[in-house]
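Hi,

Here is the model I promised to hand over.

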Amino acid sequence: MRHRMPSVVNPEKRPLRLETIAGASQRKKQSQRVWHRLLASVCSFVLFIIVISIPNIEEDQNAVSTSEGVVGPPSFVTVVLPSVVNPEKRPLRLETISKTWGKASHAVYVVHDDNEYPEGALIEDGHTTFPQVSLVPETIKFDDGVPRLEYVIRTIHNTIDPDFAFFVNDHTFVLPNHLHQFLKLLDCSKDLYVGHALKGEKETAFNSGASGYVLSRTTMSRLIKEWDKPGSKCQSANVSKWLQGNPGLLTAKCFQEVMGVQLVDTRDKEDSSHKFHAYGLVRTITGNVDQWYLNKHQQLDRIFGIDERYHHMPQKGALCCSKDTISFHYVEAAENIAFWNILQKVKQQPDSISDEQIKKTMRQDWPQRPEIGAYAHPLPASQSPVWNDMIKVIRRISSGVTS
């Protein structure tokens, strides 16, 4: 320890000097205490902000199942284009969708006549509830698929401006919770064109419009800019008559050959089962689908790499469908209601409802021909072994509906 020696200069003023030094030391300690308290307060405030900013995972997951529909990031809409099958029954299908998956999937009905769904508010009005309506101009007719799709993408991007848009038609059945969870894993700042990939031997690979495909905000923005370029190969006026009548193929060709946006293998990573289905529940499980559809899977090894197990082909039975299944197709209004109701019932009481009760409920409520339409198949006979797979799939995908 060091000791200070008394100064020999002005010894009579030494007490005053010592008092001054002591006061300065005390003031320094007080100042240090003030700064310490201030720093502690700042640190506590910053810690508080960090804690309240951490998302509650349980609340986020529960938010998907609210009665008013899916909430929270990411923002998205499901664009419901007109189906070319049974167009006269479209108003009934739209009304039914509004009672099942439409609200939670943020459905936007694309209509040529506001009588198709008179209850819907126009998307230009800025409402936050769904379904909403996008009314196509009179200059675009029902068969004008390419101009209609261009108009719809422009309108959706310029009015709602969602992170993602899921494009389906009014025969599609959507599982909102699974769609929401799927989109949460994606980045809207990057190009995206995803769904159920198909490819003919000589044609451009594309995603099935029946099972639906997703576009990101970035891809929609780039596509609109490409449409506005004179002479672009993405414009319908600059392509063959055949492509002019196939909006899905035209945009797929634009994405891959002009914009460099490639398809993605969206199958389940665990078992290679599909999430987007171009047929209804029964045909998807039994595998009784059209041959042309199967043929368009044979070329997928060329773009996704060799799948030595399945070669990207759809599977039958319980292996048909991912637990995170997002969509089915060829679902008429009555089947939509029955399908939604049994999934809700199983979701609400997964442990107490027996396999026999699931089967009984489906056999009581599921519609028959002609209500199911020409492209759907009826439920299997009571003693059919298909029921084992049917019930497994129902249980497996029931988490996809809202409560």
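This is a predicted model: local features need pLDDT of at least 70, side-chain atom pairs count only at pLDDT 80 or more; totals for chains, interfaces and linings use all residues.

Residues are numbered from 1 along each chain as its sequence is written, and side-chain values use heavy atoms, with hydrogens and water left out.

**The sheet**

Seven strands form an open sheet in the order β3-β4-β2-β1-β5-β10-β7, with mixed pairing. Strands here are DSSP runs of E, at least two residues, and helices are runs of H or I, at least four, numbered from the N terminus; two strands pair if DSSP finds at least two bridges between them. At the edges stand β3 (121-122) and β7 (193-194), each with a single partner strand, so one side of each has no neighbour in the sheet. The pairing of β7 with β10 (residues 213-216) is antiparallel, over 2 bridges, and Y193 stands opposite L215 in β10.

Helix α4 (residues 145-159) packs on the sheet and touches β1, β2, β4, β5 and β10; contact means heavy atoms within 4.5 Å. The direction of α4 makes about 160 degrees with that of β1. Axes are lines fitted to C-alpha atoms, for helices over the stretch in contact, and angles run from 0 to 180 degrees between N-to-C directions. Helix α5 (residues 176-184) also packs on the sheet, touching β1, β5, β7 and β10, at about 125 degrees to β1.

**V79**

V79 is found in strand β1 (residues 76-81). With 0% relative accessibility, V79 counts as buried (under 20% relative accessible area; exposed is over 50%, partly exposed in between; 1.4 Å probe, protein chains only). Leaving out residues up to four places away in sequence, V79 touches V108, V110, V152, I156, A165, F166, F167 and V168.

**The disulfides**

How many disulfides does a search of the whole structure find? There are 2, a disulfide being a pair of cysteine sulfur atoms within 2.5 Å. C234 and C254 have their sulfur atoms 1.9 Å apart, and the torsion about their S-S bond is about 85 degrees, so this disulfide is right-handed. Both C234 and C254 are buried. In the disulfide of C320 and C321 the sulfur atoms are 2.4 Å apart, and with -90 degrees about the S-S bond that link is left-handed.

Best wishes
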